[in-house]
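Please look over the model below before reading on. My notes follow as numbered points.

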Amino acid sequence: MNDYFIGFITGVPIGTAVGIAIEIAIGLNQKPWAELSDEEKKLRKNTILFGLITLLLGLIVFLWLMLP
């Protein structure tokens with residue numbers, strides 16, 4: 001089997017488990033959007049944007065490594 005395939009098979013469940021654990025830890029004390037101050041809304045938007053950029057970069061690297 002290809003090393004990338006083995007890494008993908010093991011990486012996806014581990015990444016999913018870590019993501020769920022982080023979401024549970026962060027989400028326990030989360031306030032609704034309407035109760036956030038302007039600074040908190042800006043911080044949350046920037047965090048989501050950073051996460052999306054990281055996801056896209058990871059997808060690009062994954063495709064770059066998988067395609068010959």
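**Notes on the model**

1. Helix 1 (3–27) and helix 2 each supply at least two residues of the lining of the largest pocket. Helices here are DSSP runs of H or I with at least four residues, numbered from the N terminus.

2. A word on the basis. This is a predicted model, where local features need pLDDT of at least 70, side-chain atom pairs count only at pLDDT 80 or more, and totals for chains, interfaces and linings use all residues. Residues are numbered from 1 along each chain as its sequence is written, and side-chain values use heavy atoms, with hydrogens and water left out.

3. Now the pocket itself. The largest pocket has a volume of about 400 Å³. A pocket is an open set of points on a 1 Å grid over the protein atoms alone, where a 1.4 Å probe fits, with protein on both sides within 12 Å along at least five of seven lines; lining residues have an atom within 4 Å of a point. Grid points are joined across faces, edges and corners, and the volume is the space filled by probe spheres set on the points.

4. Which residues lie nearest the centre of the largest pocket? They are Ile26, Gln30, Arg44, Thr47 and Ile48, out of 13 lining residues. Helix 2 gives the most, with nine residues. By type, the lining has six nonpolar, four polar and three charged residues. Nonpolar covers Ala, Val, Leu, Ile, Met, Phe, Trp, Tyr, Cys and Pro; charged covers Asp, Glu, Lys and Arg; the others, Gly among them, are polar.

5. Check the length of helix 1. Its 25 residues should span 36 Å at 1.5 Å a residue, and its end C-alpha atoms are 35 Å apart, which agrees. The expected span is 1.5 Å times one less than the number of residues.

6. Helix 1 also bends. A kink of about 25 degrees lies at Gly11, shortly before the proline Pro13. The bend is the angle between axes fitted to the seven residues ending at a residue and the seven starting there.

7. The whole structure holds one salt bridge. Lys31 pairs with Glu40, and their closest N and O atoms are 3.2 Å apart. The cut-off is a side-chain nitrogen of Lys or Arg within 4 Å of a carboxyl oxygen of Asp or Glu. Lys31 is partly exposed at 36% relative accessible area, and Glu40 is partly exposed at 31%. Buried means under 20%, exposed over 50%, and partly exposed in between (1.4 Å probe, protein chains only).

8. Leu65 sits in helix 2 (residues 38–66) and is partly exposed at 39%. Its C-alpha atom is 11 Å from that of Phe8, 57 residues apart along the chain. Ser37 belongs to the loop between helix 1 and helix 2.
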